[in-house]
Amino acid sequence: ALNLSVLSILATGASEYIMARFSTGEAVRLLKTGDFTYFPGVPTMFHYLLQATKNEENHKIPGLRLCASAGAIMPATLNREFEAQFGVPLLDGYGITETSTMVTMNWPHGGRTLGSCGLPLPGLAVRIVDPASGQDVAAGQEGELIVRGPNVMPGYHNKPEETRAALRAGWYHTGDLARCNENGFLTITGRLKELIIRGGQNIAPAEIEEVVNTFAPVLDSAVVGVAHEHLGEVPALFVVPRQGQHVEIEA
């Protein structure tokens, strides 16, 4: 919100309309006036916009040329559906408060990998490392994302132990799990502390959610770990069905 909706507006001399609170109906009304060229939000907002307009014949929003998402993982299914319905690019990015905020972003031109949060911003260095050994993992393998650059915080205020744990040898350890493809596009797969260890097998909740979200009756889903007598913990799935749809899950 600070970078996309305040600092960028001041830096470019643009004009902006800030809603007192987000309302899907009001957002649709405002966008359809044709007065807006850029709309930033979080994935939930784009979910709501899709659902609120799915029964309309004309989905086009006059004047809108670009949308950007941050704040949570953007499923590839949501990205694809939004762009197909509205005909407007929806670019995903990844940021952290400790890095002032954005680390990666998809560009408005060139190729993209849907489900990816894009490429590192100019001036930043990122690595994906094995949390246990600290060694870099191969392309396509999962590991912890660490970041180095002039935007990284000097430390947590009056919290020396937390600072030492997060900042090591000039690298900020995000605690986020990620993968990088052969072209450098990063995909966030979950949080280290959210990792589900089922009988020694590491399971990232986001991987299951991405598959479940491809089913037509599913609007959104979430996976958490629950205790299991023999396996330690197992994934538990929560599903939000689309309006008028019924979802049955068989174990």
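Begin by selecting strand β2 (residues 66–69) and strand β3 (residues 90–96), which run parallel and are joined by three bridges. Strands here are DSSP runs of E with at least two residues, helices are runs of H or I with at least four residues, and both are numbered from the N terminus. Two strands count as paired if DSSP finds at least two bridges between them. Within this pair, Ala68 stands opposite Leu91 in β3.

The model is predicted, so local features need pLDDT of at least 70 and side-chain atom pairs count only at pLDDT 80 or more, while totals for chains, interfaces and linings use all residues. Residues are numbered from 1 along each chain as its sequence is written, and side-chain values use heavy atoms, with hydrogens and water left out.

Now select strand β9 (residues 171–180). Eight of its ten residues are buried, so the strand is largely enclosed by the rest of the structure. Buried means under 20% relative accessible area, exposed over 50%, and partly exposed in between, with a 1.4 Å probe and protein chains only.

Leu167 is bridged to Tyr172 in β9. β8 and β9 form a hairpin with two residues between them, and Ala169 in the turn has a positive phi of about 55°.

Continue to β10, which pairs with β9 in the antiparallel sense over five bridges. The bridge partner of Cys180 is Leu186 in β10. This hairpin of β9 and β10 has five residues between the strands, and Gly184 in the turn has a positive phi of about 95°.

**Helix α6**

Finally, select helix α6 (residues 205–212), whose buried residues are Pro205, Ala206, Glu209 and Val212. Seen down the axis of α6, these residues fall within an arc of 125°, so they line one face of the helix. The arc is that of the directions from the helix axis to the C-beta atoms. What covers the buried residues of α6 includes β10 (186–191), β11 (196–198), β12 (201–203), β13 (218–228) and β14 (232–241).

Notes:
Contact means heavy atoms within 4.5 Å.
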